[in-house]
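Student: I would like to learn how to read a core, a sheet and a ring pair from coordinates. Can we take one example?

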Amino acid sequence: RPVVRFPVTNVGQPAFLSCPSSGEPPPMFEWAFEGSPIVASSRYRLFRNGTLVIVKAHNNDTGNYTCRAINRAGSDSSYVFLHVRVPPDIVDFVENVTVEIGRA
């Protein structure tokens with residue numbers, strides 16, 4: 001019974017991914033992005049309640065995240081697809097363009 005959530009954030013903003021769970025003893029948590037383990041760092045904050053915070057989201061943070069809750073009795077997983085929105089960026093226009101009316 002996988003649970004799938006679809007949070008959204010903007011590029012440069014934090015992303016909060018939760019992993020609500022229960023168990024006895026209380027579970028420990030592991031997060032992965034596209035199958036690769038996530039380790040706590042200046043970019044990723046991992047909390048005891050299972051929350052993962054991406055401090056400043058980048059465009060390439062869009063994708064599939066897996067949270068795994070583990071205790072001595074077993075494990076369970078939850079899936080999150082994070083979408084990072086990127087604002088439009090107008091590219092420089094070509095300068096000094098000449099247009100002649102009536103010419104094809």
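Tutor: We go through the core, then the sheet, then the rings. Keep in mind that this is a predicted model.

Student: Which residues touch the most other members of the largest nonpolar core?

Tutor: The general idea is that in soluble globular proteins, nonpolar side chains tend to be buried together. Here the largest nonpolar core has 15 residues, and Leu17, Trp31, Ile38, Leu52, Ile54, Tyr65 and Leu82 touch the most other members. S3 (15-17), S4 (28-33), S7 (52-54), S8 (63-71) and S9 (74-85) are strands that each supply at least two core residues. S9 gives the most, with 3 residues.

Student: What does Tyr65 touch, leaving out residues up to four places away in sequence?

Tutor: Its contacts are Leu17, Trp31, Ala32, Phe33, Ile38, Leu52, Ile54, Ser78, Tyr79, Val80 and Leu82.

Student: In what order do the 3 strands of the open sheet lie?

Tutor: Strands of a sheet pair through backbone hydrogen bonds, either parallel or antiparallel. In this case the order is S3-S7-S6, with antiparallel pairing. S3 and S6 (44-46) are the edge strands, each pairing on one side only. From one strand to the next, the twist averages 15 degrees. S6 and S7 are joined by 3 bridges. Arg45 has Val53, in S7, as its bridge partner.

Student: How many aromatic pairs does the structure hold?

Tutor: A pair of aromatic rings is described by the distance of the centres and the angle of the planes. The structure holds 1 such pair. The ring centres of Phe33 and Tyr65 are 4.6 Å apart and the planes are at 35 degrees, so the pair is tilted.

Student: Why does the pair tie together parts that are apart in sequence?

Tutor: Because Phe33 lies in strand S4 and Tyr65 in strand S8, the parts tied together are 32 residues apart in sequence.

Student: Are Phe33 and Tyr65 buried or exposed?

Tutor: Both Phe33 and Tyr65 are buried.

Conventions
Residues numbered from 1 in each chain as written. Predicted model: local features only at pLDDT ≥ 70, side-chain atom pairs only at ≥ 80, totals over all residues. Heavy atoms only, no water. Core = buried A, V, L, I, M, F, W, Y, C linked by side-chain atoms within 4.5 Å. Buried < 20%, exposed > 50% of the residue type's maximum accessible area, 1.4 Å probe, protein only. Helix = DSSP H or I, 4+ residues; strand = E, 2+ residues; numbered from the N terminus. Contact = heavy atoms within 4.5 Å. Pairing = 2+ DSSP bridges. Axes fitted to C-alpha atoms, helices over the stretch in contact; angles between N-to-C directions. Phe/Tyr/Trp six-rings, centres within 6.5 Å; stacked < 30°, edge-to-face > 60°.
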